[in-house]
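Please consult the sequence and the structure shown below while reading.

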Amino acid sequence: MFVGYRKGMKEKVTITDMECPSCQSIGGMTIYENSFRPTVMFVPVAKFNVKYYLFCKFCERGVEIDKVKARAVIRS
């Protein structure tokens, strides 16, 4: 049995009408999900330590955002 893990960032959604808090450009904000996923036979079993980050594609700066707010934006 192969047991391992995956961790890293996954792009979730791009927002086109939001202003960047750093460079004040409008658009190009992307929400990424960072998580730790244990795997069995290369299949992810669960997600742990899930955090969401908001990155600007222009200035390439990011900030951590609240899970509830991130999930609400992803659903809509």
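In this predicted model, strand E1 (residues 3-15) is joined to E2 by 12 bridges, and the two strands run antiparallel. Within this pairing, lysine 7 has phenylalanine 36 of E2 as its bridge partner.

E2 also pairs with E4, again in the antiparallel sense, through 7 bridges. Here isoleucine 31 stands opposite leucine 54 in E4. A further antiparallel pairing links E2 and E3 over 2 bridges, where threonine 39 faces proline 44 in E3. The hairpin formed by E2 and E3 has 2 residues between the strands, and methionine 41 adopts a positive phi near 55° in this hairpin.

| Strand pair | Bridges | Sense |
|---|---|---|
| E1 and E2 | 12 bridges | antiparallel |
| E2 and E4 | 7 bridges | antiparallel |
| E2 and E3 | 2 bridges | antiparallel |

Attention now turns to charged side chains. Side chains of opposite charge can pair when their charged atoms come close. The whole structure contains 1 salt bridge, in which the side chains of glutamate 33 and lysine 47 meet at 3.0 Å, N to O. Glutamate 33 belongs to strand E2 (residues 29-40), while lysine 47 sits in the loop between strand E3 (43-44) and strand E4 (48-56), so the contact ties together parts that are 14 residues apart in sequence.

Lysine 47, at 43% relative accessibility, counts as partly exposed.

Technical notes: Residues numbered from 1 in each chain as written. Predicted model: local features only at pLDDT ≥ 70, side-chain atom pairs only at ≥ 80, totals over all residues. Heavy atoms only, no water. Salt bridge = Lys/Arg side-chain N within 4 Å of Asp/Glu carboxyl O. Helix = DSSP H or I, 4+ residues; strand = E, 2+ residues; numbered from the N terminus. Buried < 20%, exposed > 50% of the residue type's maximum accessible area, 1.4 Å probe, protein only. Pairing = 2+ DSSP bridges.
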